[in-house]
Amino acid sequence: ASLRTGVASAGDSGDMNLSTGDATVSSGDISVSVGSSGTGVGGNVAVSAGRSAESAGGNVAVSAGVGSTSGGSVRIHSGVGGIEASGSVIVSSAEGGNAGSGAVSFGSGAARSAGSSGDVVVESGDAAVRAGSLKVQAGSSAGADGADVIVSAGATTRGSATGGAVNVVAGASDAGVGGGLQLASGAGATGGDLKISVGSGADAA
């Protein structure tokens, strides 16, 4: 079955709106799902914005509802696997032309008044055998300097407060050998520098 607006030969095609009505208590839900499969592969749900021949492509915006107490959440989950592994969640920007590829940004929202902004947590799950690794790596460059990896804690503008700390800790082992910690500069015709310094201040330790 198809639900679509008509083709426009000269102007813009029509919009399509799917929404539930307003309510004095709880408004209705909108559910989009495909049917279950017996022996075949489950059906897909594809959401894609329109292409443009001479301008920018359309956007896909997914946002939760605004609330007077707490805002709604946005959750993206892969499918559960029975015998094999669960599905992957891949977030990436597309390849770009002469202007480069787009950025991928993860962040929590700013906090108003006296509240605290949310944490950003990136972690692999626990495992009965071997847990997954966590890798942060900048891409290689062919015609310019290599990209940087920057890890910095938050600053504070409060006079008596302390800036955030950066903690790098190797994994512990109950009965074996704890993990190692390695700091190394890059190799080259001339190797890179390795600098460790304390911050400047009137009473620097």
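**Pockets and overall dimensions**

Trainee: How do the residues of the lining of the largest pocket divide into nonpolar, polar and charged?
Mentor: In this predicted model, local features need pLDDT of at least 70, side-chain atom pairs count only at pLDDT 80 or more, and totals for chains, interfaces and linings use all residues. Residues are numbered from 1 along each chain as its sequence is written, and side-chain values use heavy atoms, without hydrogens and water. Ala, Val, Leu, Ile, Met, Phe, Trp, Tyr, Cys and Pro count as nonpolar, Asp, Glu, Lys and Arg as charged, and the others, Gly among them, as polar. The lining comprises 15 nonpolar, 8 polar and 3 charged.

Trainee: Which residues lie nearest the centre of the largest pocket?
Mentor: A pocket is an open set of points on a 1 Å grid over the protein atoms alone, with protein on both sides within 12 Å along at least five of seven lines; a 1.4 Å probe fits at its points, and lining residues have an atom within 4 Å of a point. The largest pocket has a volume of about 1,200 Å³. Of its 26 lining residues, those nearest the centre are S133, L134, K135, V136 and V168.

Trainee: How much space lies in the second largest pocket?
Mentor: Its lining includes V74, R75, I76 and F106. That lining divides into 6 nonpolar, 5 polar and 1 charged. The space in the second largest pocket is about 620 Å³.

Trainee: What radius of gyration does the chain have?
Mentor: The C-alpha trace spans about 70 × 50 × 45 Å along its principal axes. A compact globule of 205 residues would have a value near 17 Å, whereas the chain has 25 Å.

Definitions and conventions
Points joined across faces, edges and corners; volume = space filled by probe spheres on them. Rg over C-alpha atoms; globule rule 2.2 N^0.38 Å.
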